[in-house]
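Good morning, and thank you for coming. Please look at the sequence and the structure as I bring them up, and keep both in view while I speak.

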Amino acid sequence: MKKPILYIVIPCYNEEEVLPLTSGMFLDKIHQLVAADKISDNSRVLFVNDGSKDKTWEIICDLAKKDEHFLGIAQSRNRGHQAAVLAGLMEAKAKCDITISIDCDGQDDIHAMDKMVDAYLDGCEVVYGVRSKRNTDTFFKRFTAEGFYKLLAAMGVEVVFNHADYRLISSRVLKEFANYKEVNLYLRGMVPLVGFKSTSVYYERHERLAGESHYPLKKMLALAFDGITSLSVKPIRMVFFAGLFIMMLSFIGIIWAVVAAFMGKSVAGWASLACIVCFMGGVQALFLGVIGEYIGKIYLEVKGRPRYIISDRTWEDEDD
């Protein structure tokens, strides 16, 4: 049986502190899997530089010069984690049989790759890396993250609970995934849409080996909002039904006010009027905001701008 070629796809943004530590780990894992006769020696570690402002790209180039198992591509500017992962996957799909995407910081258990490859050899085309525990997270992050996955499920988005972007995808799946042209990317919700046989492997996440996280609360919230609005229309439907409910309440209120006026029981008061006006104004602003978010998504999708642009490679591309 032909041994599959594996490309480990690693997005990097300002990772000059941690990259010298984790690059050796990724290379060792390639050698271990080759020695175990599970993958081909033509397997590679593919770094994707996402417009880093430090020496990340220089380090990637040095690694590529020292060992042929290291490859690197650079985006023309910073486009975000999801675009960087997508760029690496699309670059690798024609060169390998399977890809495994993983972050550069060393938090995801690299040894889970063994189980991922085993699952692929058993016939699975997609293998999700799922966190078995969240002991390394703060209570706030654990509560909000798990609540977000439950919210996505309630919104009708097909996601794997406690799965981020650590996953194995076969080149067969990637070829079909390339037909998905969304500009607003939320890969952990898009990959399940492709289908094919899949499974999950479970692992414990570690502390970051060096440097600081480049995914603060602001970016996490933005990704969460993109996940909901890019893959579900339920918020729009909820706005419709909420508006319908409020309209019915308002209609009942109008009838009550007219009846009270005819019965001579109406009392002029600014407090109740102010409350109603503020409530209705707030509801309308919220509804317009939700609708505006979807219109903004449509605006970006219609433009059809490229999701990533590769400016440099550590090798000479045949198409150049």
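Predicted model: local features only at pLDDT ≥ 70, side-chain atom pairs only at ≥ 80, totals over all residues.

In helix α7, the buried residues are Leu187, Arg188, Gly189, Met190, Val191, Pro192 and Val194. Buried means under 20% relative accessible area, exposed means over 50%, and partly exposed lies in between, with a 1.4 Å probe and protein chains only as cover. The helix is therefore described as mostly covered, because seven of its eight residues are buried under that definition. Helices here are DSSP runs of H or I with at least four residues, strands are runs of E with at least two, and both are numbered from the N terminus.

Residues are numbered from 1 along each chain as its sequence is written, and side-chain values use heavy atoms, with hydrogens and water left out.

Let us continue past the end of the helix. Gly195 follows α7 and has a positive phi, near 90 degrees. Phe196 also has a positive phi, near 75 degrees, and this residue is not a glycine. Most residues other than glycine have a negative phi. Phe196 lies in the loop between α7 (187-194) and β7 (198-203). Is Phe196 buried or partly exposed? Its relative accessibility is 32%, so Phe196 counts as partly exposed.

A second case is Asn14, which is not a glycine either and has a positive phi of about 50 degrees. Asn14 sits in the loop between β1 (6-12) and α1 (19-35). Because its relative accessibility is 21%, Asn14 counts as partly exposed.

I now turn to strand β4, residues 98-101. Both of its faces are covered: Ile98 and Ile100 are buried on one side, and Thr99 and Ser101 are buried on the other. Two strands pair if DSSP finds at least two bridges between them. Strands β1 and β4 run parallel and are joined by four bridges, with Tyr7 opposite Thr99. Four bridges also join β4 to β6 (residues 163-170), and these strands run antiparallel. In that pairing, Ile98 stands opposite Ser170.

Finally, the chain as a whole. It contains 10 helices and eight strands, and 43% of its 320 residues are buried.
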